[in-house]
2 protein chains.
Amino acid sequence: MRHFSLDQIKEEDSFFRRNLINCLSGYKSLNLIGTKNTKGISNLAPFSQVFHIGASPPLVGILFRPHTVKRDTLENILETGFFTLNHVTPEFFKEAHWTAADWEQSEFEATGLQEEYKEDFSAPFVLGSPVQLGCSLVETQTLKINQTVLLIGGIDHIFLDEKGLRPDGSLDLNALETVTVSGLDEYHVGRKLARLTYAKSGKFPEEI
Amino acid sequence: MRHFSLDQIKEEDSFFRRNLINCLSGYKSLNLIGTKNTKGISNLAPFSQVFHIGASPPLVGILFRPHTVKRDTLENILETGFFTLNHVTPEFFKEAHWTAADWEQSEFEATGLQEEYKEDFSAPFVLGSPVQLGCSLVETQTLKINQTVLLIGGIDHIFLDEKGLRPDGSLDLNALETVTVSGLDEYHVGRKLARLTYAKSGKFPEEI
């Protein structure tokens, strides 16, 4: 095993360190966040820091790191109160990555991804995404340590490609071809090992 | 596309709703968190809510949801200030899942996973894990909305299986066989699509 102490991590050059530290948590979720500003200009940006906060009521959390992520998305959500989350597939993961560039116009227009509007929801969904969520702002908190902003959103609408919805409510992410990201620039799909029975102390988990 | 409004989500039974909402963010990181209480009893538990907070200094965040996760891990970290994060591989993902059961003794003893101690670090690592991090408590914040606790940890030690470390500092998670989780009980490995060049507005991303 290769060992890095904190002092050794600090001594590495910033490019090496950033690549390494960004990989340490493992595979990350990938979502395109769609918003619109008060002038009506749409915005789309990739995020790997979206996570489950609660099922009842249904809530998601998003971390916005001040120095590494464009702030348009956060500002649009704070201004309008609405945003969408959209899973990415192998068919458009390069366009999804490209939305992170510094564009003057809307990232939809720039990258060729198409806006979709439905159910009177004001923020744009990504046409062709197999999991689309319409969300509204609930609250934000700022972390003292490095000014990272944690935003909590409520889930108002769920749109799903039928092929990925199982009878028990779980999603077959392999069938949906949902993409996951590692580090700053590496994209993957998942290959299922197994679903396991609820963990009980008396019995080794079995495959469902 | 299947559509669920918030009202329809609330009308679904709690089992269906919990499965569905837990899947919506996409693939999640999977880490075993190793701790020890002040009496010297070790603890091990699976977490899918570990994420990158910053590279300089190197920081990780963990979300602890009060009603769905055992509190031993959080209490041990608050008492002692130290914990480990350990990637899971296909070789022991069932044991990793099993640590979530309600055990009276240490989860290491119960499931057969082995403790490893090194560099005078007081919390236990998981022997055989290809990515092991020794971390210390920096701060915690409690979310108003549902009492979820966000814990920030500093990374003091990184141990890596050499086969997964690339010259630029990034990790080859496919080579390390890092496992990712979706929903509450489904485990996957990753299959790489591509790494992409830094996103620039003038040029479509290329594979590295």
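I started at A:Thr84: a polar atom of its side chain sits 2.7 Å from the backbone oxygen of A:Pro124. I count a polar contact as N or O atoms within 3.5 Å, one able to donate a hydrogen and the other to accept it; residues adjacent in sequence count only if both atoms are side-chain atoms. This is a predicted model, where local features need pLDDT of at least 70 and side-chain atom pairs 80 or more, while totals for chains, interfaces and linings use all residues. Side-chain values use heavy atoms, without hydrogens and water, residues are numbered from 1 along each chain, and chains are lettered from A in the order written.

Next, where is A:Thr84? I found A:Thr84 in strand E7 (residues 82-87) of chain A, strands being DSSP runs (E) of at least two residues. A:Thr84 is buried, at 0% relative accessibility (buried means under 20%, with a 1.4 Å probe and protein chains only). Residues it touches (heavy atoms within 4.5 Å) include A:Leu32, A:Phe121 and A:Leu133, leaving out those up to four places away in sequence.

Then I compared the chains. A 180° rotation with 0.0 Å of shift along its axis puts chain B on chain A, RMSD 0.0 Å (least squares on C-alpha atoms of residues with pLDDT of at least 70 in both). The two copies are thus related as by a two-fold rotation axis. B:Gly190 is the chain B residue that comes closest to that axis, its C-alpha at 2.3 Å. I also noted that 100% of chain B's interface residues are interface residues in chain A too, so the copies meet through the same surface.

Note on methods: Helix = DSSP H or I, 4+ residues; strand = E, 2+ residues; numbered from the N terminus. Buried < 20%, exposed > 50% of the residue type's maximum accessible area, 1.4 Å probe, protein only.
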